[in-house]
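Me: I would like a close look at one part of this model: its pockets and cavities. Which residues line them, and what sits around them?

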Amino acid sequence: MVNPATGEVFAVAPDASAADVDAAVKAAHNAFAAWRSDPAARRAALHAAADALTTARDEIAPVLTAEQGKPLAESAREVTTAAAYFRYYADMELGRQVIRDDADALVQIVHRPLGAAAIIAPWNFPLIIAAAKIAPALSAGNTVVLKPSPFTPLSSLRIGEVLRGVLPPGVFNVLSGGDKAGAAMTEHPLIRKISFTGSTATGKAIAAAAAADLKRTTLELGGNDAAIILADADPTAVAAGIFARAFSNTGQVCVAPKRVYVPEKLRAQVVEAFAELARNARIGDGTDPATQYGPLNNRPQRDRVAELVGDAVRRGATVAAGGAEIEGKGFFYQPTILTDISDGVRIVDEEQFGPALPIIGYRDVEDALARANATHFGLGGSVWGGDPEQALAVAERMEAGMTWVNTHTATSFDQPFAGIKWSGVGVENGRWGLEGFTEMQVIHHARAAKIAAQR
């Protein structure tokens with residue numbers, strides 16, 4: 001394992017073989033019958049898991065910072081949030097829904113667990129994203145095999161160790177490994193559900209693999225969120241609001257603003273406000289309390305951001321701030337603001353997933369909406385303006401699974417998280433996330449009087 005702040009190897013993790021995957025899946029499958037049958041025990045175990053993770057926070061957080069790069073305070077919050085997901089789903093029940101109750105029949109809908117679930121988590125928020133899947137899966141009565149990203153396996157493996165004494169054997173299994181291990185999980189005949197967060201390309205491959213066995217899937221994939229600034233916006237205030245969300249976790253957030261559309265008459269003011277924020281950002285090792293933004297997680301991602309910025313400059317873009325790697329051993333890149341750029345350039349059309357933000361001028365709102373919607377992606381989007389009603393009217397026309405007014409990336413446990421187009425299939429969080437780990441069963445009970453009348 002490489003520490004992204006130093007570029008140096010600091011640890012090793014197992015690379016699970018096909019036999020390891022088979023053993024873990026079989027353990028989950030064998031534990032399923034007992035786990036699904038005792039809801040009270042599940043509730044108690046999930047609460048105990050939340051307590052155990054909270055207790056181990058200060059032990060897990062440094063591991064996460066070392067392998068992911070984010071500031072230590074953010075790693076601690078990630079562990080706390082992961083624990084909160086277990087507590088949130090511990091007491092959530094779907095219950096029975098009666099859709100008919102008359103003299104002829106009682107018809108009910110119940111939700112049944114699926115079986116062993118494969119969960120594949122990414123490297124940007126390895127614990128939060130994993131917990132958002134693990135907690136509802138376990139609450140619904142499924143068992144789980146988790147494979148974290150090969151770039152960030154250590155914190156997840158440590159969570160597996162922490163929960164080993166809390167959850168029954170086989171209920172929760174953690175494997176580290178690369179693409180081969182992931183493929184072995186998704187293709188395994190005993191896996192009945194796959195929940196994946198990551199790139200659109202990998203999501204398509206998983207969907208194809210799942211189709212052969214009709215496995216259920218939830219796929220939370222890439223995003224290229226647009227933020228539209230309206231003509232009545234305060235340039236300084238809006239820049240601060242968007243910058244904080246676009247550069248959070250060094251830009252490595254699937255639902256962060258990744259391209260900004262601004263009226264031409266405001267563009268110069270907005271660009272300068274963004275550039276000033278970028279120039280004053282504190283970049284450094286996540287173990288330094290003064291650090292606001294850490295390195296990119298891995299060299300390929302840092303190189304991709306550099307490639308996209310370089311391509312934009314060659315295509316005529318102006319660098320208002322940043323625009324270069326930071327010298328040293330780690331995978332650091334300057335917070336970068338680009339202008340004099342438009343659609344058709346890769347950093348506008350693709351997901352950069354890093355600390356580089358293009359700011360694009362537009363003629364009128366119809367022009368901005370057309371550009372914002374002209375993408376295969378559809379995860380999130382936002383509109384920023386002084387008149388909330390006008391901003392809301394524009395936000396409702398954005399083609400995205402989630403839209404915000406005067407904010408972005410605002411999520412909560414009970415708020416659905418879902419994308420459209422190439423940004424995903426299925427819903428996470430809230431009751432919808434729990435339902436995603438179940439199948440509906442209709443129970444039609446004919447009344448005795450009706451049966452007698454038919455004889």
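Reply:

Helix α8 gives the largest share of the lining of the largest pocket, six residues. Helices (H or I, at least four residues) and strands (E, at least two) are DSSP runs, numbered from the N terminus. This is a predicted model: local features need pLDDT of at least 70, and side-chain atom pairs count only at pLDDT 80 or more, while totals for chains, interfaces and linings use all residues. Residues are numbered from 1 along each chain as its sequence is written, and side-chain values use heavy atoms, without hydrogens or water.

Terms come next. The search runs on a 1 Å grid over the protein atoms alone. A pocket is an open set of points with protein on both sides within 12 Å along at least five of seven lines. In a cavity, a 1.4 Å probe fits but cannot get out. Lining residues have an atom within 4 Å of a point. Points are joined across faces, edges and corners, and a volume is the space filled by probe spheres set on them.

The largest pocket holds about 1,200 Å³ of space. Its lining has 48 residues, and F196, G198, S199, T200 and T202 are the closest to its centre. Two or more residues each come from α7 (179-187), β8 (191-197), α8 (200-211), β11 (257-263), α11 (299-314) and α12 (346-349). By class, the lining has 22 nonpolar, 16 polar and ten charged residues. Here Ala, Val, Leu, Ile, Met, Phe, Trp, Tyr, Cys and Pro count as nonpolar, Asp, Glu, Lys and Arg as charged, and the others, Gly among them, as polar.

The second largest pocket holds about 750 Å³. Of its 27 lining residues, F125, I128, V253, T409 and T411 are the closest to the centre. Helices α4 (72-90) and α5 give two or more residues each. The largest share, five residues, is from α4. Eleven lining residues are nonpolar, nine polar and seven charged.

Strand β10 (225-229), helix α13 (365-373) and strand β15 (380-384) give two or more residues each. The lining splits into six nonpolar, six polar and three charged residues.

The second largest cavity has a volume of about 60 Å³. Its lining is A82, F86, L127, A130, A131, I134, L146, S156, I159 and F172. Elements α4, α5 and α6 (154-164) each give two or more of these residues. Helix α5 gives the largest share, four. Nine lining residues are nonpolar, one is polar and none is charged.

Some of these names return in the largest nonpolar core. Such a core is a set of buried (under 20% relative accessible area, 1.4 Å probe, protein chains only) Ala, Val, Leu, Ile, Met, Phe, Trp, Tyr and Cys residues joined through side-chain atoms within 4.5 Å. The largest core has 43 residues, and F86, I134, L138, L146, L163 and F172 have the most contacts inside it. Its largest share, nine residues, comes from α5 (residues 126-140). L163 is in contact (heavy atoms within 4.5 Å) with A49, A52, L53, F86 and F172, leaving aside neighbours within four places in sequence. A second, separate core of 27 residues includes L230, L338, Y362 and A372.

Terms used: Buried means under 20% relative accessible area, exposed over 50%, partly exposed in between (1.4 Å probe, protein chains only).
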